[in-house]
Amino acid sequence: MSESPHPCPNALWAAVRSESMEAAECVRSYYQCLDEGSYERLRELLDPEFVQYRADRTFESREAFLQFMESERPLTETTHEIGAVCASATGQAAYGTLLDREGDAQFEFIDVFEFGDDGRITRLTTYASSA
């Protein structure tokens, strides 16, 4: 077995890498649910106390966020083109571009995700700019 690039035991490093990979898969599933309109699956990914912070508004609960995504967002036929998902000590960050149904870029974003002990998304902070 090769040495860990970090100053922690190999078993601990493997556990950290495993959690990071699971969190990255959760992040990718989050965008897939939004793009496909799979709101019940999205509900499973989000903690009941989920909060999203973004420049134009804050969603203080999972239910408020889901209601907006299901029936209030201005563009519903969109695709999140993800350029990168990166791990940090406290969560994951994703960089991407939101595309409309014609494939035109609407804006670029960075989403910073935090997770609870059960692996659900507890907090999402979104930073966006014009594409």
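## A well-covered strand

Let's start with strand S4, residues 91-99, where seven of the nine residues are buried, so most of the strand is covered. Here, buried means under 20% relative accessible area, exposed means over 50%, and partly exposed is in between, worked out with a 1.4 Å probe and protein chains only. Strands are DSSP runs of E with at least two residues, helices are runs of H or I with at least four, and both are numbered from the N terminus.

What you're looking at is a predicted model, in which local features need pLDDT of at least 70 and side-chain atom pairs count only at pLDDT 80 or more, while totals for chains, interfaces and linings use all residues. Residues are numbered from 1 along each chain as its sequence is written, and side-chain values use heavy atoms, with hydrogens and water left out.

## The overall layout

The protein has three helices and six strands. Reading from the N terminus, the order is α-α-β-β-α-β-β-β-β.

Of the 131 residues in the protein, 34% are buried. The accessible surface comes to about 8,000 Å², and carbon and sulfur atoms account for 50% of that; such areas come from the Shrake-Rupley method with a 1.4 Å probe, and for residues only the protein chains shown count as cover. As for contacts (heavy atoms within 4.5 Å), take those between residues at least 6 apart in sequence: 37% of them join residues at least 24 apart.

## How S4 pairs up

On one side of the story is strand S3, residues 79-87, which runs antiparallel to S4 and is joined to it by eight bridges. Two strands count as paired if DSSP finds at least two bridges between them. Glu81 has Thr97 in S4 as its bridge partner, and the S3-S4 hairpin has three residues between its strands.

S4 also pairs with S5, again in the antiparallel sense, over nine bridges. Gly91 stands opposite Glu114 of S5. The hairpin of S4 and S5 has five residues between the strands, and Gly103 takes a positive phi near 90° there.

## Inside the core

Nonpolar side chains in soluble globular proteins tend to be buried together. In this model, the largest nonpolar core has 23 residues, and those with the most contacts inside it are Tyr30, Tyr31, Leu42, Leu46, Phe65, Phe113 and Ile121. A nonpolar core is a set of buried Ala, Val, Leu, Ile, Met, Phe, Trp, Tyr and Cys residues joined through side-chain atoms within 4.5 Å.

Two or more residues of this core come from each of helix H1 (10-36), helix H2 (39-45), strand S1 (46-54), helix H3 (62-71), strand S5 (105-115) and strand S6 (121-130). H1 gives the most, with seven residues.

## A nonpolar patch outside

Tyr95, Ile110, Val112 and Tyr127 form a nonpolar patch on the surface, with about 350 Å² of accessible area together. Patches are made of residues with over 30% relative accessible area and no salt bridge, with nonpolar side chains (Val, Leu, Ile, Met, Phe, Trp, Tyr) joined within 5 Å and like charges within 9 Å. Tyr95 sits in strand S4 and is partly exposed, with a relative accessible area of 36%.

## Charged pairs

The structure holds 10 salt bridges, each being a side-chain nitrogen of Lys or Arg within 4 Å of a carboxyl oxygen of Asp or Glu. One of them joins Arg101 and Glu102 at 3.4 Å, N to O; Arg101 is exposed at 59% relative accessibility, and Glu102 is exposed at 55%. Glu114 and Arg123 meet in another, at 3.8 Å, N to O, with Glu114 partly exposed at 31% and Arg123 partly exposed at 34%. There's also a network of salt bridges linking Glu40, Arg43, Arg62 and Glu63.

Asp118 and Arg120 make a salt bridge too, at 3.9 Å, N to O. Asp118 lies in the loop between S5 and S6 and counts as exposed at 52% relative accessibility, whereas Arg120 is partly exposed at 27%. Although Asp118 and Asp47 are 71 residues apart along the chain, their C-alpha atoms are separated by 8.8 Å.
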